[in-house]
Amino acid sequence: MKYISTRGKAPVLGFEEVLLTGLATDGGLYVPEKLPTYSLDEIRSWRELPYDQLAYKIIQPFVSDFIDGDELRAMLSDTYAAFAHKAVVPLQQIDHNEYVMELFHGPTLAFKDFALQLLGRLLDHSLQKRGEKAVIMGATSGDTGSAAIEGCRRCENIDIFILHPHNRVSDVQRRQMTTVLGDNIHNIAIEGNFDDCQRMVKESFADQSFLRGERRLVAVNSINWARIMAQIVYYFYAALNLGGPDRKIAFSVPTGNFGDIFAGYLAMQMGLPIDQLVIATNKNDVLHRLMSQNKYEALPLEHTLSPSMDIVVSSNFERLLFDLYDRNGPAIADLMTAMSTGSATVDASKLDKARAVFDSDCASDEETCATIRDVHAQTGYLLDPHTAIGVKAARATRRHTNVPMVTLGTAHPVKFAEAVSKSGLASPELPLHLSDLMQREERYTVLANDRKTVHDFMVNEVFQ
Ligand SMILES: *Cc1c(COP(=O)(O)O)cnc(C)c1O
């Protein structure tokens, strides 16, 4: 399969090059040149498949010129066997015809494991073939860092450096990163804030000369196409388990960078009957304002009880705009320029196309806690704050009550104790595989907020 840039001016690439590349050279994002599509009969024939075998059906066409079928099968089986629930993505019913799809049974208890567990293996496979080694560098305020570290811990050809702001991430989140002790895992606590960490990572990608041209620097952030690809699978899985493709299903998705919900949109383009996709945001509601008022305006960041959705702009939204604008790269390049300069509007007819399937809603911290409290009172089920925003949005925007509504359960509530306690509820226990997390040995290095200091440390670790 070939991949093209949303801005139309970068080279067409194969899967492996896209995997190793972040942004396209024209500043755009890579998307498949042509999506595979499936008939209802084909989709129906997947109904009995366990998760890893369904993943094979969905993922294979995207990667077929990179990895052979048997190796991919083994890789997917290995990836999803590491999840702590036999069903991988169990569905929990919370009301009549209303469900939570639990995406938090992976090693770090959040949905990012679905993509990053696979991404680490795909990268290692590529580097092994090429006889290369790579360095991954990322900044985290929580979720992504631990999921990336867990995804790379067994990779033989990758050193991973994750920067977090010293003393500014929760104990659970820090320990999920710093208690992974492999020689290729390097946690750096920066004496600064998250923006300092992020800036340092950006500058390192812009000038990689500190790696002496001997190592490639790879990004695993949410614009990486392979992450989105992996997330398409669970939309099919949930639908097939609720009577799809012979009935339509609706999904509500707690949204930050628009990666997860874009995977749902792709599932629909591939032939899965989807009635409705709900963009659920917290107070960082740039997408909700765009969808409801056709006004795109980046506002200052707000810190909320759902920190993994605290974003100013949603980078993957560009991938949807590309389709809405009939894949016109130059038009997207212009639109993105307009959007980056403050305030912009989208062509009304294009927005109408989006509104045919997407709805949107936003929740305050108070509404998030009220939803956690209500659902717990009604069912005994405890939502994490991100999932609660999804449930609130699902209920506010639902089109047809006879269509099953599935909210994506993006994290386990134990990761977000503050929101649970502000809802007046007791924090749950850590799941069994993490029950000794607070006693495990930690390893991390505190460094000054200074790029040269960080680069010297990295070079010393990589080339020691
Ligand atoms: C990353 C994350 C989100 C947002 O996902 P996007 O793909 O960025 O839209 C939602 N909930 C949790 C728990 C997350 O970690």
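What follows is a run of questions about labels and the values behind them.

Q: Before we start, what kind of model is this, and which atoms count?
A: It's a predicted model, where local features need pLDDT of at least 70, side-chain atom pairs count only at pLDDT 80 or more, and totals for chains, interfaces and linings use all residues. Residues are numbered from 1 along each chain as its sequence is written, and side-chain values use heavy atoms, with hydrogens and water left out.

Q: How many of the contacts join residues at least 24 apart?
A: Taking contacts between residues at least 6 apart in sequence, 76% of them do. Contact here means heavy atoms within 4.5 Å.

Q: Why is C197 called buried?
A: Buried means under 20% relative accessible area, exposed over 50%, and partly exposed in between (1.4 Å probe, protein chains only). C197 has a relative accessible area of 0%, so it's buried. C152 gets that label too, because its relative accessibility is 3%. Over the chain, buried residues make up 60% of the 464.

Q: How do you know that C152 is in no disulfide?
A: A disulfide is a pair of cysteine sulfur atoms within 2.5 Å. Searching the whole structure gives 0 of them. For C152, the nearest cysteine sulfur belongs to C155 and is 4.6 Å away. For C197, the nearest is that of C152, at 18 Å.

Q: Which strands pair with β4, and in which sense?
A: Two strands pair if DSSP finds at least two bridges between them. β3 (residues 91-95) and β4 have 4 bridges and run antiparallel, with L91 opposite M101. They form a hairpin with 2 residues between them, and N97 in the turn has a positive phi of about 60 degrees. With β14 (residues 405-409), β4 pairs in the parallel sense over 5 bridges, and V100 has T407 as its bridge partner there.

Q: What makes β10 mostly covered?
A: β10 (residues 274-281) has 8 of its 8 residues buried. It is joined to β9 (residues 249-254) by 6 bridges, and the two run parallel. The chain gets from β9 to β10 through helix α10 (residues 259-269), and this β-α-β crossover is right-handed. Right-handed means that, with the strands pointing away from the viewer, the path from the first strand over the helix to the second runs clockwise. β10 also pairs in the parallel sense with β13 (residues 358-362), over 5 bridges, where I279 stands opposite S360.

Q: Is R319 buried or exposed?
A: Its relative accessible area is 1%, so R319 is buried. R319 sits in helix α12 (residues 317-324), and its contacts beyond four places in sequence include T6, Y30, W225 and F262. The C-alpha atoms of R319 and T6 are 6.6 Å apart, although 313 residues separate them along the chain.

Q: Why is D326 called exposed, but R327 partly exposed?
A: D326 has 54% relative accessibility, so it counts as exposed. R327 has 33%, so it is partly exposed. D326 has a positive phi of about 50 degrees although it isn't a glycine, and R327, also not a glycine, has phi near 60 degrees.
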